Amino acid sequence: YGVVSCLMVLLNKSLVSVFHFDAIYAIIFYQDSVCTLLLGFASFMRWIPRFVWDPSLILRWIPAEIFFLMMEVSGFYSYKYLGTHLVVIFKSFTIFITAVGDRLFFKERISPLMLGSMALLVVGSVMAGRDTQFTWIGCGAVMVNALVSAAHVLYLRLILRSGDSERLGKWGGSFYDNALSLPLLVPFMLAAGEPRTVAHYLAEQGGRLSFWVVVGLSGVLGIALSLSSMWCLRTNTSTTYCMVGGLKKIP
């Protein structure tokens, strides 16, 4: 999970900042579509257990999907308007918020070493104001991202610890997480006029092989990130999950 997170940070940053592909929702829609289609195909071929569309489970999953969508969108805007190092340092607030939620909702103990680590991360976020790429829009986006990321992780753990965990299995969480995001993304794409933006961009820049390589890798990594994140959260506390995600500071 930590390695894939690092690679995804670099790819998303390159799509937005290097290739100037400004269709934020289209990128998320593409990555989620790839994951949904491949997992659905694997389920259809019975390489993995069949997915069952349970209405009650879908209703329980919708809040997590809303948090997920807000997390993805605010994350892209964070990397667009802030430097990579500043984003990952400011997102250290996610760990603090998640640790508080773990304590309140799941009665998890926060060790002194973890408190010390979180304190160092918060201090680092304050000192990171010298980053060369800093805007207030990006700062607001990354703080929203911290809040909804913590909410998403805590709510997912609540689902995975409930009786729904057996019905989901090892693959169901990733499938639901990606499939249910698609209809929510369509209105955002249309409102932002992204179909026209994508068509115009592909007409001018569609011949760049490097662009398609990055796009292809982002789809593959989207699957790996979804599966590994569910695996990590299923076997660890929410706080540990966020601390491992802090490896994104490496890029």
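Leaving aside neighbours within four places in sequence, Leu15 is in contact (heavy atoms within 4.5 Å) with His20, Phe21, Ile27, Phe211, Val214, Val215 and Ser218. The structure is a predicted model, in which local features need pLDDT of at least 70 and side-chain atom pairs count only at pLDDT 80 or more, whereas totals for chains, interfaces and linings use all residues. Residues are numbered from 1 along each chain as its sequence is written, and side-chain values use heavy atoms, with hydrogens and water left out.

Leu15 is also among the residues that touch the most other members of the largest nonpolar core, together with Phe21, Ile28, Phe76 and Phe211. Such a core is a set of buried Ala, Val, Leu, Ile, Met, Phe, Trp, Tyr and Cys residues joined through side-chain atoms within 4.5 Å, where buried denotes under 20% relative accessible area with a 1.4 Å probe, protein chains only. Apart from it lies another core, of 20 residues, including Ile58, Trp61, Met114 and Met230.

The protein chain contains 13 helices and 0 strands, helices being DSSP runs of H or I with at least four residues and strands runs of E with at least two, numbered from the N terminus. Of its 251 residues, 49% count as buried.

The mean pLDDT of the protein chain, the predictor's confidence on a scale from 0 to 100, is 81, and 89% of the residues score at least 70. Where pLDDT is low, the predicted coordinates should not be read in detail.

How values were computed: Buried < 20%, exposed > 50% of the residue type's maximum accessible area, 1.4 Å probe, protein only.
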